[in-house]
Amino acid sequence: MIGTLKLLIPALLPSWRFFDTIGPSPRIQFTVLSSESETPSQWQEFRPRPATLSLAQMLRRMLWNPSWNESLFLTSCAERLCQQPTPHSEDEILKRIRKGLLTENSQHSIGDATYLQFRLVLVKRDSAHPQQVSFQSRIEPLRSRA
Amino acid sequence: MSFDEAVRLTEILLGFAFAQQSIEHVRSYANEMRLHLPRLFLSVLLMVGFHSAWVLVLLLVLGLAMLHRYQGPYNGGADRMSLLVLVCLCAVHFAPSLRWQEVAFGYLAIQLTLSYFIAGWVKVVNHDWRTGQALRDVFQFSAYPVSESLRQWAKSPRMMLAMSWSVILFELLFPFSLVSSLSSIIALAIAASFHFSNACLFGLNRFFWIWIAAYPSLLWFQQRVFAVTL
């Protein structure tokens with residue numbers, strides 16, 4: 001309870017420091033495996049953004065934007081994992097990737113894979129090393145808690 | 001705008017913003033729907049004005065439960081503003097006198113003003129924002145642009161510079177709009193356009209609805225404080 005009330009304080013005394021510095025940005029990449037011992041080799045970005053979005057689609061998203069807002073929440077979880085890893089953030093990302101992969105209209109192909117893992121790649125301005133893996137999750141069964 | 005009208009309008013807009021947020025979770029996980037379906041129902045009650053005080057308290061309880069569920073805000077600043085508006089409205093309803101009610105509602109107006117001014121201040125003191133580099137970074141590699149084609153905007157440094165300074169100047173000058181009712185209305189219209197752009201370009205639709213919900217407090221505050229003192 002005290003922990004939850006502590007989370008309320010930034011809402012009552014907000015800092016309002018929106019976009020004060022633009023730091024490295026995490027991308028969530030996942031891989032599906034046929035066994036727990038398999039070495040991951042093929043990583044895919046989870047929910048890659050579309051190439052283009054029409055004005056009509058943007059306007060529709062003013063009222064109905066669940067997938068994007070969930071992606072923003074996952075970005076928050078990814079940032080929390082990079083700063084101070086907690087089981088909650090890792091669980092949230094695994095759970096939502098799993099659900100995304102198992103839905104009928106999923107844009108990702110999983111074949112007969114049975115395990116899932118994700119990693120976080122930090123993207124930054126530095127052109128010499130623009131991407132850096134900052135976190136790798138545990139390996140989880142893909143269909144255990146669908 | 002009278003105090004009662006402003007409070008009521010804020011309740012209606014907050015109810016709409018909450019309903020919009022919760023509808024987005026209707027196909028979500030069971031433990032999320034247990035929070036969002038009651039919130040959707042309570043939001044409708046808030047919009048129609050049914051026992052607003054107690055509805056607001058229940059919405060605040062749900063808001064705390066959501067903070068616990070997501071271990072923080074689900075949608076960053078939008079959720080924080082949601083809770084701020086909610087707490088201020090609760091305080092208005094349960095304050096012992098009109099004076100304290102006005103203090104609670106005025107606090108919301110002041111925080112709304114600060115939300116623009118501080119956001120402008122932290123940008124203007126940052127070299128990357130002053131040169132347009134920070135906004136280029138936002139478009140080039142941040143998680144926010146809603147499509148790959150928008151990332152191409154980062155290749156137009158002049159446009160990034162112009163957009164950066166437009167945002168910085170607007171945010172810094174926002175508090176000065178309080179000098180008159182007309183300038184406040186114009187500033188809020190520009191601010192709403194700014195949030196609308198952010199919703200289109202970065203998918204921040206929840207910011208648009210919840211910031212608008214706080215606008216009546218500023219319209220009332222401007223008349224209450226500045227129309228008296230000037």
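A residue counts as buried here if 20 or more other C-beta atoms lie within 10 Å of its own, as exposed if 12 or fewer do, and as partly exposed in between, with C-beta atoms placed from the backbone. Helices (H or I, at least four residues) and strands (E, at least two) are DSSP runs, numbered from the N terminus. The model is a predicted one, so local features need pLDDT of at least 70 and side-chain atom pairs count only at pLDDT 80 or more, while totals for chains, interfaces and linings use all residues. Residues are numbered from 1 along each chain as its sequence is written, and chains are lettered from A and ligands numbered from 1 in the order in which they are written.

Chain A comes first. Its 4 helices and 5 strands follow the pattern α-β-β-α-α-α-β-β-β along the sequence. The C-alpha trace of chain A spans about 50 × 40 × 40 Å along its principal axes, and 26% of the 146 residues of chain A count as buried. Two residues are taken to be in contact if their C-beta atoms, placed from the backbone, lie within 7 Å. Of the contacts in chain A between residues at least 6 apart in sequence, 60% join residues at least 24 apart.

Strands are said to pair if DSSP finds at least two bridges between them. In chain A, strand 1 (25-33) runs antiparallel to strand 3 (residues 115-123), and 9 bridges join the two. Leu33(A) has Tyr115(A) of strand 3 as its bridge partner. Strand 1 of chain A is also joined by 2 bridges to strand 2 (residues 44-45), again antiparallel; here Gln29(A) is partnered with Glu45(A).

The loop between helix 1 and strand 1 of chain A holds Trp16(A), which has a positive phi of about 55 degrees although it is not a glycine. Trp16(A) counts as buried because it has 21 C-beta neighbours inside 10 Å.

Helix 3 of chain A has 18 residues and reaches 26 Å from its first C-alpha to its last, close to the 26 Å expected at 1.5 Å a residue (the expected span is 1.5 Å times one less than the number of residues). Among the buried residues of this helix are Asn69(A), Glu70(A), Phe73(A), Leu74(A), Cys77(A) and Leu81(A).

Next, the contact between the chains. It takes 37 residues from chain A and 40 residues from chain B. On the chain A side, the elements that give two or more residues are helix 1 (2-12), helix 2 (55-61) and helix 3 (66-83). Helix 3 of chain A gives the most, with 7 residues. By residue type, the chain A side divides into 22 nonpolar, 9 polar and 6 charged; Ala, Val, Leu, Ile, Met, Phe, Trp, Tyr, Cys and Pro count as nonpolar, Asp, Glu, Lys and Arg as charged, and the others, Gly among them, as polar.

Chain B has 11 helices and 0 strands. The C-alpha atoms of chain B fill a box of roughly 55 × 55 × 25 Å along the principal axes. Of the 230 residues of chain B, 44% count as buried.

In chain B, helix 10 (residues 181-202) has 22 residues and reaches 31 Å from its first C-alpha to its last, close to the 32 Å expected. Its buried residues include Ser184(B), Leu188(B) and Cys200(B). Just after helix 10, Gly203(B) takes a positive phi of about 70 degrees. Gln71(B), in the loop between helix 3 (52-70) and helix 4 (76-94) of chain B, is a residue other than glycine with a positive phi, near 55 degrees. Gln71(B) counts as partly exposed because it has 17 C-beta neighbours inside 10 Å.

Last come the nonpolar cores, each a set of buried Ala, Val, Leu, Ile, Met, Phe, Trp, Tyr and Cys residues joined through C-beta atoms within 7 Å. The largest has 70 residues, and those with the most contacts inside it are Leu14(B), Val85(B) and Ile210(B). Helix 11 (residues 205-229) of chain B gives the most to this core, with 11 residues. Leu14(B) touches Leu46(B), Val85(B), Leu86(B), Leu89(B) and Ala213(B), not counting residues up to four places away in sequence. Apart from this core lies another of 10 residues, among them Ile22(A), Leu135(B), Val138(B) and Phe139(B).
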